Amino acid sequence: MRKPRSTIAVHAPVFAALGDPTRLRLVAVLCARGALSTAQLTAGTAITRQAVTKHLEVLADAGLVRDVRQGRERLWELEPSRIDEARCALDAISQQWDQALARLKQVVER
Amino acid sequence: MDTRTDRIEKQVLLKAPRERVWRALSEADQFGTWFGVRFDGPFIEGERLTGKIVPTRVDAEVAAMQTPYEGTPFEWIVERIAPMQRLAFRWHPFGIDKTIDYSHEPMTLIVFELHDAPEGTLLIVTESGFDKLPPERRAKAFAANEGGWTHQMELIRKYLALH
């Protein structure tokens, strides 16, 4: 039997971790480009390396990303068991459809 | 092809006559009102059609999210118009970066299907062909929806606070 409450409780840290534009962007970049260093993730943004590291640690605590050592470098990558790369993009588009269809409903039922 | 990653299917029961739903889909002006686009002409089967993103007039919150993309040109191809039954398009999903030329990329196929339902009209929408898109485009699509995600997270947080 499904227990929605406990399921949501289990996923709550994941949602909380993603409920921030900076962290969501980090996940999106890792989604597209694989393992990257903090420096690479910071390049081209207005955020400091320290701030990016903090965000990455929040994501790591939620089990969304993990760090791997490559020589002296610390690289970050998605935790594949928690986020399926292809699926995460599709879920986003799926939600946009939900919103668009809700607007269509409003229009035709008026 | 993996149907889990290649395809989205949505169903919505609309409490409106089939004819009303068909007009909201098949008339370019009406489609634009809820979707948030302005087309340069009517839908004609087999033709390429251009348009621009304009904020939707249906939902103020969504309109605010669309505003940064206002004026972005896009194009799609009208694949099939089967009156009262089926409407199909091809487009570049999330082709919202004005500096990128998407024309060489594969398009996804969007199909709207109408069915009679006891209380109105059942609309089934499918979008397929995502497996052929370059990975970085998928990531863009993901990032583009961050407003939607943030909103969802807020709802979940509120839910958790109450339970």
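Helices (H or I, at least four residues) and strands (E, at least two) are DSSP runs, numbered from the N terminus. The model is predicted, so local features need pLDDT of at least 70 and side-chain atom pairs count only at pLDDT 80 or more, while totals for chains, interfaces and linings use all residues. Residues are numbered from 1 along each chain as its sequence is written, chains are lettered from A and ligands numbered from 1 in the order in which they are written, and side-chain values use heavy atoms, with hydrogens and water left out.

Chain B can next be viewed as a whole. Of its 163 residues, 48% are buried, a word that here stands for under 20% relative accessible area, with exposed meaning over 50% and partly exposed in between (1.4 Å probe, protein chains only). Among contacts (heavy atoms within 4.5 Å) between residues of chain B at least 6 apart in sequence, 52% join residues at least 24 apart.

Helix α3 of chain B, residues 28-35, is mostly covered, as seven of its eight residues are buried. Among them are B:F31, B:W34 and B:F35. After α3(B) comes B:G36, which has a positive phi near 95°.

Now to the aromatic rings. A pair of such rings is described by the distance of the centres and the angle of the planes. Rings of Phe, Tyr and Trp (its six-membered ring) pair if their centres lie within 6.5 Å; planes under 30 degrees apart count as stacked, over 60 as edge-to-face and the rest as tilted. By this rule there are 21 aromatic pairs over all chains. One of them, A:W97 with B:W91, is stacked, at 5.8 Å centre to centre and 20° between the planes. Because A:W97 lies in helix α5 (residues 85-108) of chain A and B:W91 in strand β5 (residues 86-91) of chain B, this pair joins two chains. Both A:W97 and B:W91 are buried.

B:F31 and B:F43 form an edge-to-face pair, 5.8 Å centre to centre with 80° between the planes. B:F31 belongs to helix α3 of chain B and B:F43 to the loop between β2 (37-39) and β3 (48-53), so the pair ties together parts that are 12 residues apart in sequence. B:F31 is buried, with a relative accessible area of 1%, and B:F43 is buried at 8%. Ring pairs link A:W97, B:W91, B:F31 and B:F43 into a cluster that also includes B:W34 and B:F35.
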